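Subject: Structure handover and notes

Hi,

Here is the structure I promised to pass on to you. Could you load it first and then read my notes beside it?

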Amino acid sequence: MELYIHIPFCIRKCAYCDFLSAPADADTIARYMEYLGKQLVQTAASLRGKRVETVFIGGGTPSILRPEQLSRLLAAVWEHFTVDAGAEVTLEANPGTLARAKAQVLVSGGVNRVSLGLQSADEKELRLLGRVHTYRDFLRSYEILREAGIWNINVDLMSALPGQTVASYERTLQSVLALHPAHISAYSLMLEEGTPFFEQYRADERLRESGGTPRWLPDEESERAMYELTGTLLAEHGYERYEISNYAKKGFACRHNIGYWTGKEYLGLGLGASSYIGETRFCNTAQLDEYLAGDFTPRDVQQLSKNDCMAEFFYLGLRMSAGVAKADFTARFGLRAEQVYAQEIPELIEKGLLEDTGTRYRLTDYGRDVSNQVLWRFLK
Ligand code: SF4
């Protein structure tokens with residue numbers, strides 16, 4: 001089982017972010033940690049016997065917690081769950097929120113992987129994104145983690161940002177590559193409704209419709225060039241693209257995320273966190289006041305049908321470069337994938353989006369480029 005723990009607090013809301021996260025005062029954070037601890041103890045007792053293979057403390061910005069809060073949380077995980085000795089334990093962190101003492105607490109608490117949200121090495125782009133840190137903060141945090149002995153570091157990057165050019169994106173990639181992180185996640189900016197960025201985008205669209213030239217976001221050609229540059233440069237530097245947006249040095253693919261993509265069970269603790277246990281999906285309340293009143297009742301409980309499980313297994317598996325092993329599909333569901341998707345598989349192969357290697361189905365390069373189009377085919 002994978003364990004996810006959500007810390008929904010940030011110093012300030014970024015201009016593009018629609019995650020369940022917000023700034024909060026120290027008292028609220030302290031109360032949240034108290035209730036998170038209660039949920040952890042209760043849930044662990046009800047799931048006794050399930051082994052935890054990976055732990056991911058995400059957010060929000062978990063690294064804004066005080067060292068003693070992090071220390072207590074990590075100790076509770078090890079005390080109440082049966083965590084594998086070699087478990088991957090990741091903490092999401094923002095540059096500028098990690099001091100030496102905190103890094104030491106992470107190491108003593110069993111954290112062996114840190115995911116650093118850099119997004120861009122360009123100060124102007126960082127400011128536009130509303131990030132609270134500078135590139136220098138990132139370098140300092142990176143150094144602190146390495147000094148503390150954490151070498152398994154992921155760096156999150158974003159492309160197609162407002163004001164970004166192919167040249168500035170290349171500078172970001174080159175700056176990060178010079179540090180040799182074990183893992184890089186590179187996503188294109190997603191415009192989410194309700195964010196300040198979305199409003200800017202709407203204004204740009206209105207300009208386009210009235211015959212003007214949008215000024216805010218890079219054009220499609222530049223966006224495409226950034227996407228291709230990511231693949232080329234990272235491959236040249238020895239990173240394997242093991243999932244649509246994730247690249248790793250050999251042996252450093254994120255085991256927690258691979259768990260999601262290969263249909264493993266996961267338990268989510270904390271505000272709004274989702275779980276998938278025994279073919280049932282459910283989530284925690286997303287209302288902070290309810291959570292702080294100790295309301296841990298599962299919400300949106302959904303018993304997945306066999307068809308749902310097969311579709312999820314297939315399309316999530318296709319996100320991985322290795323694709324879906326035919327034998328794994330059959331072992332899990334007692335049916336052959338080509339029987340279940342007798343229409344979809346030949347059609348996608350015919351269009352050059354999917355390939356049959358004999359033992360696996362996987363996306364072609366073209367299929368990866370338009371992956372959403374392919375993956376939606378399985379969501380009937
Ligand atoms: S730090 Fe991350 S979670 Fe927090 S507001 Fe920014 S993007 Fe959202």
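Below are my notes on the domains, the ligand shell, the cores and the strands.

Two bits of housekeeping come first. Residue numbers start from 1 along each chain, following the sequence as written. The model is predicted, so local features were taken only at pLDDT of at least 70 and side-chain atom pairs only at pLDDT 80 or more, while totals for chains, interfaces and linings use all residues.

**Domains**

The protein is divided into domain 1 (2-261) and domain 2 (306-380); these bounds come from an automatic or database domain assignment. Taken over C-alpha atoms, the centres of the two domains are separated by 28 Å. Six residues from domain 1 and seven residues from domain 2 make the contact, where contact means C-beta atoms, placed from the backbone, within 7 Å. On the domain 1 side, strand 7 (240-243) and helix 9 (255-261) are the elements that give two or more residues. The classes count Ala, Val, Leu, Ile, Met, Phe, Trp, Tyr, Cys and Pro as nonpolar, Asp, Glu, Lys and Arg as charged, and the others, Gly among them, as polar. Helices (H or I, at least four residues) and strands (E, at least two) are DSSP runs numbered from the N terminus.

**Ligand shell**

Which residues surround the ligand? They are Cys 10, Lys 13, Cys 14, Cys 17, Phe 19, Ser 21, Gly 59, Gly 60, Thr 61, Asn 94 and Gly 117. A residue counts here if its C-beta atom, placed from the backbone, lies within 6 Å of the molecule. The shell divides into four nonpolar, six polar and one charged residue.

**Cores**

A nonpolar core is a set of buried Ala, Val, Leu, Ile, Met, Phe, Trp, Tyr and Cys residues joined through C-beta atoms within 7 Å. Buried means 20 or more other C-beta atoms within 10 Å of a residue's own, exposed means 12 or fewer, and partly exposed is in between, with C-beta atoms placed from the backbone. The largest nonpolar core has 72 residues, of which Val 55, Val 114, Leu 116 and Leu 145 touch the most other members. Helix 1 (residues 26-46) gives the most to this core, five residues. Another core, of 16 residues, lies apart from it and includes Phe 313, Val 324, Leu 363 and Val 374.

Setting aside neighbours within four places in sequence, Val 55 is in contact with Leu 3, Val 77, Val 83, Ala 87 and Val 89.

Leu 36 lies in helix 1 and is buried, with 23 other C-beta atoms within 10 Å. Leu 36 and Leu 269 are 233 residues apart in sequence, yet their C-alpha atoms are 7.1 Å apart. Beyond four places in sequence, the contacts of Leu 36 are Leu 269 and Gly 270. Leu 40 is also placed in helix 1, and it is buried with 21 other C-beta atoms within 10 Å.

**Strands**

Strands pair if DSSP finds at least two bridges between them. Strand 1 (residues 2-7) and strand 2 (residues 51-59) are parallel over six bridges, with Ile 5 bridged to Ile 57. Seven of the nine residues of strand 2 are buried.

Further along, four bridges join strand 10 (residues 274-277) to strand 11 (residues 280-283) in the antiparallel sense, and Ser 275 has Phe 282 as its bridge partner. These two strands form a hairpin with two residues between them, and Gly 278 in the turn has a positive phi of about 55°. Strand 11 also pairs antiparallel with strand 12 (residues 299-303) over three bridges, where Cys 283 stands opposite Arg 299.

Finally, three strands form an open antiparallel sheet in the order 13-15-14. Strand 13 (324-325) and strand 14 (354-356) stand at the edges with a single partner strand each, so one side of each has no neighbour in the sheet. Strand 14 is joined to strand 15 (residues 360-363) by three bridges, and Glu 355 stands opposite Arg 362.

Happy viewing!

Technical notes
Contact = placed C-beta atoms within 7 Å.
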